[in-house]
Amino acid sequence: MKKLLEFLGAVLLFQGTGGLTYELFGWIKWGFIQRLSFFDGYELYASIATIVLAIAVFVAADSAKS
């Protein structure tokens, strides 16, 4: 379970940082946040929330038993 949570946290962290990079600098448009239409206008906030969620998943993985 710990490895699964770590993998999920890594995926969320990559998605969040990719979305944040695109919203701030316009470099790489990849990830699920830019592709979902109900985030239109709120992509920056969704990217930040995804990064926060990734940190929470990493904390949960750290407290999970092996």
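These legends go with several views of one predicted model.

View 1. Helices (H or I, at least four residues) and strands (E, at least two) are DSSP runs, numbered from the N terminus. Helix H1 covers 2-25, and helix H2 covers 43-63. Along the principal axes, the C-alpha atoms fill a box of roughly 40 × 20 × 15 Å. The chain has 66 residues, and 27% of them are buried. Buried means under 20% relative accessible area, exposed means over 50%, and partly exposed lies in between (1.4 Å probe, protein chains only).

**View 2. Helices H1 and H2 pass each other.** Their axes come within 8 Å and cross at roughly 160 degrees. Axes are lines fitted to C-alpha atoms, for helices over the stretch in contact, and angles run from 0 to 180 degrees between N-to-C directions. H1 and H2 are therefore roughly antiparallel. Angles over 145 degrees count as roughly antiparallel, under 35 as roughly parallel, 65 to 115 as roughly perpendicular, and the rest as oblique. The crossing of H1 past H2 is left-handed. That term applies if the near helix is turned anticlockwise from the far one by less than a right angle; clockwise is right-handed.

View 3. Lys3 sits in H1. Lys3 is exposed, at 67% relative accessible area. From Lys3 to Ala64 the sequence separation is 61 residues, yet their C-alpha atoms are 9.7 Å apart. Leu13 also belongs to H1. Leu13 is partly exposed, at 28% relative accessibility. Leu13 and Ser63 are 50 residues apart in sequence, with 18 Å from C-alpha to C-alpha.

**View 4. Ala46 in helix H2.** Ala46 is part of H2. Its relative accessibility is 10%, so Ala46 counts as buried. Val11 is 35 residues away from Ala46 in sequence and 15 Å away in space, C-alpha to C-alpha.

View 5. Trp27 is exposed, with 62% relative accessible area. Ile33 is buried, with 1%. The C-alpha atoms of Ile33 and Met1 are separated by 26 Å, and the two residues are 32 apart along the chain.

**View 6. A nonpolar patch on the surface.** Phe14, Leu24, Phe25, Trp27, Ile28 and Trp30 form the patch. Together they have about 730 Å² of accessible area. Accessible areas come from the Shrake-Rupley method with a 1.4 Å probe; for residues, only the protein chains shown count as cover. Patch residues have over 30% relative accessible area and no salt bridge; nonpolar side chains (Val, Leu, Ile, Met, Phe, Trp, Tyr) are joined within 5 Å, like charges within 9 Å. A salt bridge is a side-chain nitrogen of Lys or Arg within 4 Å of a carboxyl oxygen of Asp or Glu.

**Notes.** Residues are numbered from 1 along each chain as its sequence is written, and side-chain values use heavy atoms, with hydrogens and water left out. In this predicted model, local features need pLDDT of at least 70 and side-chain atom pairs count only at pLDDT 80 or more, while totals for chains, interfaces and linings use all residues.
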